[in-house]
Amino acid sequence: MEADQPCRSAVVDLGSNSVRLVVFEGRSRNPLPIFNEKAVLRLGRGLPETGKLNEEGVEMAKEVLSRFHAIARAMKADPFEILATAAVRDASNGPAFVQTLRESMPGVPIRILSGKEEADHSAIGVMCGIPGASGLVADVGGGSLELIHLTPQGRHDATTLPLGMIRLADRSGRDLDKAKTLADKDIGGVEWLPKVKGSTLYLVGGAFRALARLQIARTQYPLNIVHYYTMDVQEAREMTGWLQNSSRRSLERLPGAPRKRLDDTPFAAMVLRRLMKKVQPDKIVFCVDGLREGWYMLNVAPDILAQNPMDVVAREMCARFGRSNSLPYALMQWTDFLRPEETAEEKYLRHLACYLSDIGSHDHPEYRAEQTYWRILRVQSGGFDHPSRAWLALALAVRYAADQQAPFLATSRALLSEQDWKSAVVLGLALRLAYSLSGGAGRLLEGTSLEWEEDALVLILTSARVAVKGESVRRGLERLGQALGVATRFEIELLG
């Protein structure tokens, strides 16, 4: 590949219900899709009765894949691969269909994934989007439901079941009670499921994502991001009951309702409910990363999966939008005084905040706080759960002097406890004071420190370069003290 050509890769997910092309830009721990298009083919419609791919879907697939091939070539995507899943691998005419595609697209790799391979790709996708994920991964498609046990030691016990939404509807004649019996039998036959009892259940696939979208709309949840949307078992049970008993018309009234998925919704809710009964998870987490991101990690960036995606995005944003790559380390040390009792997770969030603390430096000063807030809250990176997004966004908005009553902070107010709100505000005020002292230059920050002396917070100035109690510094120290509920004062201890 020539040096001036973009580094791109592309994968086609040829499923039982739909086919999707995703083109990724670059080679990063956080896959960046720059093109994403889906077409509904329903290749698996009627498969349980005929044993063959749906003829109308086959003809549509040839046209759509020809278009996807042209797009991938025009975008100079390399590697480019087509992955066929349940419908193609189970249909008697699946191999002939693939051979026809190979003849029309010579040189394009086309793989028919086994059920275990499909489950493994999905598990790696979850690991891509949720670092440290451990529990049961359930990936539902049109033709099958893949289950795989994910642990810190690896991926185990992959199983594929004929519980995809199209296949289950066909097997049951769209009778939900019959579908429930089929699901209980299939899920009950998975011998290794008792070992994941009480662990986290990660949901992957379009039909499961549709459940999350409907629940987000119904409850007016304050963050419209499906990835890492988390609910406890009681909430999930209530949700599945609601979805199984709601009419399509009532669901259509919800804002942003995924209309193409509404016919599948009762079946997806039922399958989730039967899984929950069997596994009794501690919580349910929705993940948008699955087979395609798993392919990306295996074929494009296999050596960087171990990196933390939040670290990567924080450092990338610091380099792109900030003024110094070295100041974050100094800020981390400078803010150590804040919470001596902080947990490892709290310390890590503070570390991320320090790296993100200057990303509004090039924005219009009247909009820095709000622009920074939205940039962090909606960052396209899989590793951030919703409370972390809300906490970091609040801390960085306060760093840019956001009014705590500003309407745009409503998401953080809804998602954070009072204690977490206060800790984010305190860190934001401390970072603002640090920038007032140093102007963003780490060398100047070295001549200052914040320390506790009895019941007061003391700003110690040890360098003649910064031993000037300017108005902005005085106000910043007072505001920080007010947030902490303590008195403040200055001490000048010039060295040398």
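Let's start with His 121, which sits in helix α5, the stretch covering residues 115–129. This is a predicted model, by the way, so please keep that in mind as we go. Is His 121 buried or exposed? Its relative accessibility is 5%, so His 121 counts as buried, the cut-off being under 20%. And which residues does His 121 touch, once we leave out those up to four places away in sequence? On one side of the numbering we have Leu 83, Arg 111 and Leu 113, and then there are Gly 290, Leu 291, Gly 294, Trp 295 and Leu 298.

While we're talking about helices, here is a handy rule. An α-helix has 3.6 residues a turn, so residues three or four places apart point the same way.

Now please find helix α17, residues 386–399. Those 14 residues reach 20 Å from the first C-alpha to the last, close to the 20 Å expected at 1.5 Å a residue. How many of the residues of α17 are buried? It's 13 of the 14, so α17 is largely enclosed by the rest of the structure. After α17 comes Ala 401, and its phi is positive, near 70°.

On to the cysteines. How many disulfides does the count come to? The count is 0. Let's look at two cysteines to see why, remembering that a disulfide needs two cysteine sulfur atoms within 2.5 Å. For Cys 287, the closest cysteine sulfur is in Cys 128, 8.2 Å away, and that is too far for a bond. Cys 287 is also buried, with a relative accessible area of 0%. For Cys 318, the closest cysteine sulfur belongs to Cys 354, at 10 Å, again too far for a bond. Cys 318 counts as buried too, at 4% relative accessibility.

Let's zoom out to the whole chain. It has 21 helices and 14 strands, and its C-alpha atoms fill a box of roughly 85 × 55 × 40 Å along the principal axes. Of the 496 residues, 56% are buried. If you take contacts between residues at least 6 apart in sequence, 70% of them join residues at least 24 apart.

What about the surface? The accessible surface comes to about 21,800 Å², and carbon and sulfur atoms account for 47% of that. Finally, the charges: there are 62 positive and 60 negative side chains, and the centres of the two sets lie 4 Å apart.

Technical notes:
Residues numbered from 1 in each chain as written. Predicted model: local features only at pLDDT ≥ 70, side-chain atom pairs only at ≥ 80, totals over all residues. Heavy atoms only, no water. Helix = DSSP H or I, 4+ residues; strand = E, 2+ residues; numbered from the N terminus. Expected span 1.5 Å × (residues − 1). Buried < 20%, exposed > 50% of the residue type's maximum accessible area, 1.4 Å probe, protein only. Contact = heavy atoms within 4.5 Å. Areas by Shrake-Rupley, 256 points an atom, 1.4 Å probe, with all protein chains shown as cover. Lys, Arg positive; Asp, Glu negative; His and termini not counted. Charge placed at Lys NZ, Arg CZ, Asp CG, Glu CD.
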